[in-house]
Amino acid sequence: MERIRIALTKGRLEKEAIKIFDGIGVDTSELKDKGRKLVFKSNNFPVEFVLVKAQDVITYVEHGVVDMGIVGKDTILENQTNFYEVVDLSVGKCFFALASLPSFKELPSYHRKIIATKYTKVAHDFFREKGEDVEIIKIEGSVELAPILGLADAIVDIVETGSTLKENGLIIFEKICDISARLIVNKASMKMKKKEVLDIVDRIENYIKQNGGKKVD
Ligand code: PRP
């Protein structure tokens, strides 16, 4: 049996992803006791995990050095995607929104809006769809600061609980789209390691059907 290498997204989605592999009977004990290790083996399944940043999950899957990965739809939407998106895992649910200070609604319609975001492609696609020309400024984190400091008129950002917006006096003006974690597969792996890949995909699909959307503690 061919070994399958899987990239998981560090951070928010990490626990959810590990829970899914536990749920399909793959031993994940090395992932739960990481230390400084970067590659984690399973004791009962021919799989190997790496734990990396969201953007890197896509890079490794696209280049085929890992066969599959778990990553948020937000990161997928922000990239050109050259892989198969096979399962909506129904975890890591949040959404993209256009948000700002309440005074945003008073801007005259002829004003060319300045939008701050970490997700420039998502923001660009959203305004292009609306037929609106805006200036987009890339911010790496804590984007909520941009309208508060006067750098931007509004932000395009991820909303999960809504508390970051609320605590900073911002409100949602438009919901852009829903986000959740997805299972993605390298195109060549889907052909060359079809049996092993589809075995994992099927197990995960069944697990999600039975437990879909349940949040881990
Ligand atoms: C994300 C997002 C918001 C926040 C939303 O940031 O950019 O700031 O989470 O979550 P909430 O609706 O539950 O408050 P993240 O924590 O990933 O960090 P970042 O600002 O550095 O991107």
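Author: In this predicted model, 13 residues lie around the ligand, and those that come nearest are Arg12, Glu144, Thr161, Gly162 and Thr164. Looking at individual atoms, you will find an oxygen atom of the ligand 2.7 Å from an N or O atom in the side chain of Arg12, while an oxygen atom of the ligand lies 2.5 Å from an N or O atom in the side chain of Thr161.

Turning to the sheets, one of them is open and has 5 strands in the order 8-7-9-6-10, with mixed pairing. Strand 8 (135-138) and strand 10 (171-179) are at its edges, and each has a single partner strand, so one side of each has no neighbour in the sheet. On average, and ignoring direction, neighbouring strands here are turned by 25° against each other. Strand 6 (residues 94-100) pairs with strand 10 in the antiparallel sense over 7 bridges, and within this pairing Ala97 has Lys175 of strand 10 as its bridge partner. Helix 5 (residues 120-130) packs on this sheet, where it touches strand 6, strand 7 (114-117), strand 8, strand 9 (154-159) and strand 10, and its direction makes about 170° with that of strand 8.

Another open sheet has 6 strands in the order 2-3-1-4-11-5, again with mixed pairing, and its edge strands, strand 2 (39-41) and strand 5 (84-88), each pair on one side only. Strand 5 and strand 11 (residues 181-185) are paired in the antiparallel sense over 4 bridges, with Val185 of strand 11 as the bridge partner of Tyr84. Helix 9 packs on this sheet and touches strand 1, strand 3, strand 4, strand 5 and strand 11, its direction making about 30° with that of strand 5. Helix 3 (residues 54-63) lies across strand 1 (4-9), strand 3 (47-52), strand 4 (68-72) and strand 11, and runs at about 150° to strand 4.

Helix 9 (residues 194-211) also packs with helix 1 (residues 14-23), at an angle of about 105° and with their axes 9 Å apart, which means that helix 1 is roughly perpendicular to helix 9. Helix 1 contributes Lys19, Ile20, Phe21 and Gly23 to the contact, and helix 9 contributes Ile200, Ile204, Tyr207 and Ile208. Sorted by class, this contact has 6 nonpolar, 1 polar and 1 charged residues.

Definitions and conventions
Residues are numbered from 1 along each chain as its sequence is written. This is a predicted model: local features need pLDDT of at least 70, side-chain atom pairs count only at pLDDT 80 or more; totals for chains, interfaces and linings use all residues. Side-chain values use heavy atoms; hydrogens and water are left out. Axes are lines fitted to C-alpha atoms, for helices over the stretch in contact, and angles run from 0 to 180 degrees between N-to-C directions. Helices (H or I, at least four residues) and strands (E, at least two) are DSSP runs, numbered from the N terminus. Angles under 35 degrees count as roughly parallel, over 145 as roughly antiparallel, 65 to 115 as roughly perpendicular and the rest as oblique. Contact means heavy atoms within 4.5 Å. Ala, Val, Leu, Ile, Met, Phe, Trp, Tyr, Cys and Pro count as nonpolar, Asp, Glu, Lys and Arg as charged, and the others, Gly among them, as polar. Two strands pair if DSSP finds at least two bridges between them. A residue is near a molecule or strand if one of its heavy atoms lies within 4 Å of it. A polar contact is a pair of N or O atoms within 3.5 Å; within protein, one must be able to donate a hydrogen and the other to accept it, and residues adjacent in sequence count only if both atoms are side-chain atoms.
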